[in-house]
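Subject: Structure handover

Dear colleague,

Here is the structure you will be working with. Please open it alongside this message; my notes on it follow below.

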Amino acid sequence: RWLPALRRRCEVAGKRLSGTGLAAEGRVLRAVLYAYHSRLLRHRSYLALQQVEQCLKRLWKMNLVGCIETLAELIPKKNTSQAHAECLVPSQPVLETVALKVLGGCKLVLRLLDCCCKAFLLSVQHLCSEEFILMNTVASGLLSRLWFVIQYRCVLQSLTSLYGTLSTSLHLVSETQQMPYIKGFTFPSDISNFLGVNVSSEVKKQKARMLTTKKPTHWLKKLFPTMPETVAEVGKKRNVATCVSAVKNCSIPQPADIGEPVL
């Protein structure tokens, strides 16, 4: 009875980990780090971005998706209706290996969320100080999207649910045939004790910190000044000729070309 549930948990976790969102944000993050490597090598927000990229790299290198897909292939797809029917099930070494990787993956995803939150707060802090505006603007948007992709697709929640089913399966298989593979480590029955934090409360705490951060709007007003009141009043009237004349008469300062030498 637990085999269909285990296969279903494996499929859900595999799809959420192998989504296009995480891979796309990872490529953008590597491109940003490469573009600003020579200029911001010792900058705090740049170092925080490097920690985020390191967590993503370790998550991909551990091949968690491939391990979960291999386990799903070993589970028989046909459900037996007989009470005493025999079927092939994954062995204890296979279940222990996948359970250990899922534990490590949960730790890495939790660390990734924490690094994203800290790097986002640093980027916003440097934006308020008007330091490296372009880089920190890109970084804050990238980090918020990455954090949202992990939270929206419930990556951490799917891994914790998978471990709960894996723990039950491992207990039943070990009772049937003792084949311990990983020695010197006791698999926890509750993953919250192993992680040390409550997953839902920790995510809500990080979300509250990111939403209550001081928004750097004062320098945006300098870059994009508000429209004059006369132009706004003209815009309300649906007269195309008046609007065009107002736009022509509006004096917009032309930015200096940064490619020309300034004497």
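Of the 263 residues in the protein, 39% are buried. Please keep in mind that this is a predicted model. The protein has 12 helices and zero strands, so that the order of elements from the N terminus reads α-α-α-α-α-α-α-α-α-α-α-α. Among contacts in the protein with a separation of 6 or more, 84% join residues 24 or more positions apart.

The core

The largest nonpolar core holds 65 residues, and Val-52, Val-102, Leu-159 and Leu-166 are those with the most contacts inside it. At least two residues of this core come from each of these helices: H1 (2–17), H2, H3, H4 (64–74), H5 (92–128), H6 (133–152), H7 (155–176) and H8 (191–195). H5 gives the largest share, 17 residues.

Setting aside residues up to four places away in sequence, Leu-166 touches Leu-6, Leu-71, Leu-95, Val-98, Ala-99 and Val-102.

Helix H1 and its partners

Two helix pairs involve H1. How do H1 and H7 lie relative to each other? Their axes come within 9 Å and cross at roughly 150°. An angle over 145 degrees counts as roughly antiparallel, and H1 is therefore roughly antiparallel to H7. The crossing of this pair is left-handed. On the H1 side the contact is made by Trp-2, Ala-5, Leu-6, Arg-9, Cys-10, Val-12, Ala-13, Arg-16 and Leu-17. On the H7 side it is made by Val-155, Ser-158, Leu-159, Ser-161, Leu-162, Thr-165, Leu-166, Ser-169, Leu-172 and Val-173. Sorted by class, the contact of H1 with H7 has 13 nonpolar, four polar and two charged residues.

For H1 and H4, the axes come within 9 Å and the crossing angle is roughly 155°. That makes H1 roughly antiparallel to H4 as well. H1 passes H4 in a left-handed crossing. Arg-7, Cys-10, Ala-13, Gly-14 and Leu-17 of H1 meet Leu-64, Val-65, Ile-68, Leu-71 and Ala-72 of H4 in this contact. The residues of the contact of H1 with H4 divide into eight nonpolar, one polar and one charged.

Helices H2 and H3

H2 (residues 20–35) packs with H3 (residues 44–61) at an angle of about 140°, the axes being 10 Å apart. H2 and H3 are therefore oblique to each other. Their crossing is left-handed. H2 contributes Leu-22, Ala-23, Gly-26, Leu-29, Arg-30, Val-32 and Leu-33 to the contact, and H3 contributes Tyr-46, Leu-49, Gln-50, Val-52, Glu-53, Leu-56 and Trp-60. By class, the residues of the contact of H2 with H3 are 10 nonpolar, two polar and two charged. Val-52 of H3 takes part in this contact and is also one of the core residues with the most contacts.

Single residues to look at

Apart from its neighbours within four places in sequence, Gln-92 is in contact with Leu-170, Val-173, Ser-174, Gln-177, Gln-178, Met-179 and Pro-180.

Asn-63 sits in the loop between H3 and H4. Phi of Asn-63 is near 55°, a positive value in a residue other than glycine. Most residues other than glycine have a negative phi. With a relative accessible area of 44%, Asn-63 is partly exposed.

Ile-133 lies in helix H6 and is partly exposed, its relative accessible area being 28%. Ile-133 and Ser-123 are 10 residues apart along the chain, and their C-alpha atoms are separated by 9.2 Å.

Regards

Technical notes
Residues are numbered from 1 along each chain as its sequence is written. This is a predicted model: local features need pLDDT of at least 70, side-chain atom pairs count only at pLDDT 80 or more; totals for chains, interfaces and linings use all residues. Side-chain values use heavy atoms; hydrogens and water are left out. Axes are lines fitted to C-alpha atoms, for helices over the stretch in contact, and angles run from 0 to 180 degrees between N-to-C directions. Helices (H or I, at least four residues) and strands (E, at least two) are DSSP runs, numbered from the N terminus. Angles under 35 degrees count as roughly parallel, over 145 as roughly antiparallel, 65 to 115 as roughly perpendicular and the rest as oblique. A crossing is left-handed if the near helix is turned anticlockwise from the far one by less than a right angle, and right-handed if clockwise. Contact means heavy atoms within 4.5 Å. Ala, Val, Leu, Ile, Met, Phe, Trp, Tyr, Cys and Pro count as nonpolar, Asp, Glu, Lys and Arg as charged, and the others, Gly among them, as polar. A nonpolar core is a set of buried Ala, Val, Leu, Ile, Met, Phe, Trp, Tyr and Cys residues joined through side-chain atoms within 4.5 Å. Buried means under 20% relative accessible area, exposed over 50%, partly exposed in between (1.4 Å probe, protein chains only).
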